[in-house]
Every structure is written in C-alpha cells, then in structure tokens.
Amino acid sequence: MGFLGGLFGRRKKEILPPADLSLLGTDVHSHFIPGIDDGAKTMEDSLSMLRTMQEFGYKKVITTPHIMSDFYRNTPEIILSGLDKLREAAHKENIDITIEAAAEYYLDIELEDKIRKKELLTFGNNYVLFEMPFVGEPKNLSRAIFEMQMAGYKPVLAHVERYLFWHREPEKAQTLFDKGVILQLNLNSLSGHYSPQVQKSAEQLLDSEIIGLLGTDCHNMGHLELLKQSSTLPYFHKAMKINNLLNHSL
Ligand SMILES: [Fe+2]
C-alpha cells in the first residue's frame, strides 16, 4: 500500500467491465434440483436460477446436489429423477440450457463404501466432485483420493479456497494438485462473500495457477446477483483467463 493508501486506509477496489460469463460455457457446481438439499426449495426457484444462468451466457449446467450421510441422504436415483423433472420443467418454460447432474459428495466413511462399489455419479471425464468438512482435514483424505483414482475416478475438490484449516498451509492445495486432484474454485469467493480470508485464499490459488475448474456453487438467486457484481473484479477477470480451464471441455 502506498503513502496515500496508508493515509486513507485500504485502497479502493478496482472495478472493470463485467466479465463475459458466456466464455465459460459450462458451470460445474450448483444446487438446482428442488427440495433435495439446501439449494433450490421449489421448481419456481430452480427455473428462476436457470433462466438467469442462461441470461449470463452459460450453455450448460452440471448440477451437483449434496450427498452427505448425516444430512442429505440423496442417491443416484433421487438425483436422476429430480434431473428428469427439472429438464421437463425447463423445456416447458423454453429455457434453453443443457442440464446434467452429478453430486457433491461429502468426504465421510460412507463415501469410501460408495467408491468401492463404484456407484458414484460423475460428470465429464469421470470427474467426481467431493467436499471436506470445514472443521479440519479428514483423516481419510489421502486414502479416499487414492481409492477414487484406483477405481478410475478423477477427484475434484469442491471450493478448495474455503477450507480455513488450510489457509496457513497453502502447500496442501499444491500437494493435492500434484497428486492429480482437480481443484475447483467458487467464483463468489472472489468477492469476499464467504470471508476476507477465503477471498485472499482464492486470489492466492489463482496466482499459483493450480485451479482447474470454476463453479458458481449457486444455491439461490442471491448467489447469482453476487456473481454479477463479482464479475467486475480484476481477479474474476483473471479467473476467466485460466489456461486449459476444464469448464471449456465439458
Ligand atoms: Fe456446493
């Protein structure tokens, strides 16, 4: 921070024109299937969000309901039948966006069971989106990643920037990257929506060039309003220019 910045506190946020989200093509993380997790509550909610995603320029969404043994006991059957209903409703409303579904798997013991039974919902090139608890690194992290890879899955860690216990150990994300785990970043983290620390972590991860996928992690319309605002930030523009971003291949 320069002399004037020091006098007047934090420098003002630089604002750019909104980034063109149509360049991403596909979103890989959201909660659009109504009534089965903490995302869309009704079909109306889902359709409003899908309509807005289409207006933003997205061509496709891969929606990822939570599967968590303690809270959201979703199964592939529940998710795929929800997907059918969502597609039908979107089609009736002339919403022109391709909708696919996978899941956001919470890393618990039941996930390891599902890996062994090879019953995971995947997207793209056998990608599996998984998340960790926010309280601390799970003991079975390395084992679960290894098991997924041995079973032919390609693990994708959801919102890698949001795990507070890793903020003082940025090398952890690099280690996962080196093991072949694809790191997904939430675009809204760049606005400070989750916390200033999460924003800083997201910026550092972008600087390290280890992010492979970008997602909205959209649960409600508020997240999309925020996405629109965030799209004027320099780091948002930087995210859109990631080399070999996998969103383009889906
Ligand atoms: Fe999510």
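Start with the whole chain and its radius of gyration, taken over C-alpha atoms. The chain has 18 Å, which agrees with the value near 18 Å for a compact globule of 250 residues. That rule is 2.2 Å times the number of residues to the power 0.38. Along the principal axes, the C-alpha atoms fill a box of roughly 60 × 45 × 30 Å.

This is a predicted model: local features need pLDDT of at least 70, side-chain atom pairs count only at pLDDT 80 or more, and totals for chains, interfaces and linings use all residues. Residues are numbered from 1 along each chain as its sequence is written.

Switch to cartoon view. The chain has 9 helices and 9 strands. These are DSSP runs, numbered from the N terminus: helices are H or I, at least four residues, and strands are E, at least two.

Now select Y105, L129, L183 and L205. They touch the most other members of the largest nonpolar core, which has 66 residues. Such a core is a set of buried Ala, Val, Leu, Ile, Met, Phe, Trp, Tyr and Cys residues joined through C-beta atoms within 7 Å.

Stay on L205. Beyond four places in sequence, its contacts (C-beta atoms, placed from the backbone, within 7 Å) include V160, A173, L183 and I211.

Next, select Q199 in helix α7, residues 196-208. Is Q199 buried or exposed? It is buried, because 20 other C-beta atoms lie within 10 Å. The cut-offs are 20 or more for buried, 12 or fewer for exposed, and partly exposed in between, with C-beta atoms placed from the backbone. Leaving aside neighbours within four places, Q199 is in contact with S189, L190, S191 and G192.

Methods. Two residues are in contact if their C-beta atoms, placed from the backbone, lie within 7 Å.
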